[in-house]
Amino acid sequence: MDVPTVNLVAEYSPPGGAGSAGLAREFTRRTLAAWGYLGAHDDVVLAVSELVANAARHAGGTSTVRLAGGAGRVRVEVADDSPVRPHLRPQGTDGGWGLPLIDRLARCWGVVAHGHGKVVWCELA
């Protein structure tokens, strides 16, 4: 049975600093439940958490989370004000685990320039 494609959109700008990833996780949980998303909610929540934490750690300032999709798929976008593109780096005690995790969870992911900053995105189904 095919799941119809619905283009629902939800956006949230968590306050910067400690707790921003937690607030983004809660926003994501509520949104996925409201949409009736059929995929693994925990995977999407983890992807959002990683991308928001990376934005806070490496870009500073605030970020904006945008979810788009519906019951069968979801696209996660996290925008920040830094033009510096994320890159894979050796994994260790100081980090380097986020992008490999996104790569394993998502069907695809990427980075696009946006204004003075960028958007890191991934798609899950």
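Across which strands does helix α1 lie? In this predicted model, in which local features need pLDDT of at least 70, side-chain atom pairs count only at pLDDT 80 or more, and totals for chains, interfaces and linings use all residues, residues are numbered from 1 along each chain as its sequence is written. Side-chain values use heavy atoms, with hydrogens and water left out. Helix α1 (residues 20-35) lies across β1, β2 and β3 (74-80), and runs at about 160° to β1. Helices (H or I, at least four residues) and strands (E, at least two) are DSSP runs numbered from the N terminus. Axes are lines fitted to C-alpha atoms, for helices over the stretch in contact, and angles run from 0 to 180 degrees between N-to-C directions; contact means heavy atoms within 4.5 Å.

The strands form an open sheet of 5 members in the order β1-β2-β3-β5-β4, with antiparallel pairing; two strands pair if DSSP finds at least two bridges between them. Strands β1 (8-12) and β4 stand at the edges with a single partner strand each, so one side of each lacks a neighbour in the sheet. On average, neighbouring strands of the sheet are turned by 15° against each other, direction ignored. Strands of a sheet pair through backbone hydrogen bonds. Between β1 and β2 (residues 64-69) there are 5 bridges, and valine 9 has alanine 68 of β2 as its bridge partner. Strands β4 and β5 are joined by 7 bridges, and valine 111 is partnered by valine 120 in β5. These two strands form a hairpin with 2 residues between them, and glycine 115 in the turn has a positive phi of about 60°.

Helix α2 lies across β2, β3 and β5, at about 10° to β3. In helix α3 (residues 98-105), Gly98, Leu99 and Ile102 are buried, that is, under 20% relative accessible area with a 1.4 Å probe, protein chains only. Seen down the axis of α3, these buried residues fall within an arc of 95°, so they line one face of the helix; the arc is that of the directions from the helix axis to the C-beta atoms. Their cover includes α2 (41-59), β4 (108-114) and β5 (117-124).

Beyond its neighbours within four places in sequence, leucine 67 is in contact with residues including Val9, Phe27, Val48 and Val76.

Methods: Buried means under 20% relative accessible area, exposed over 50%, partly exposed in between (1.4 Å probe, protein chains only).
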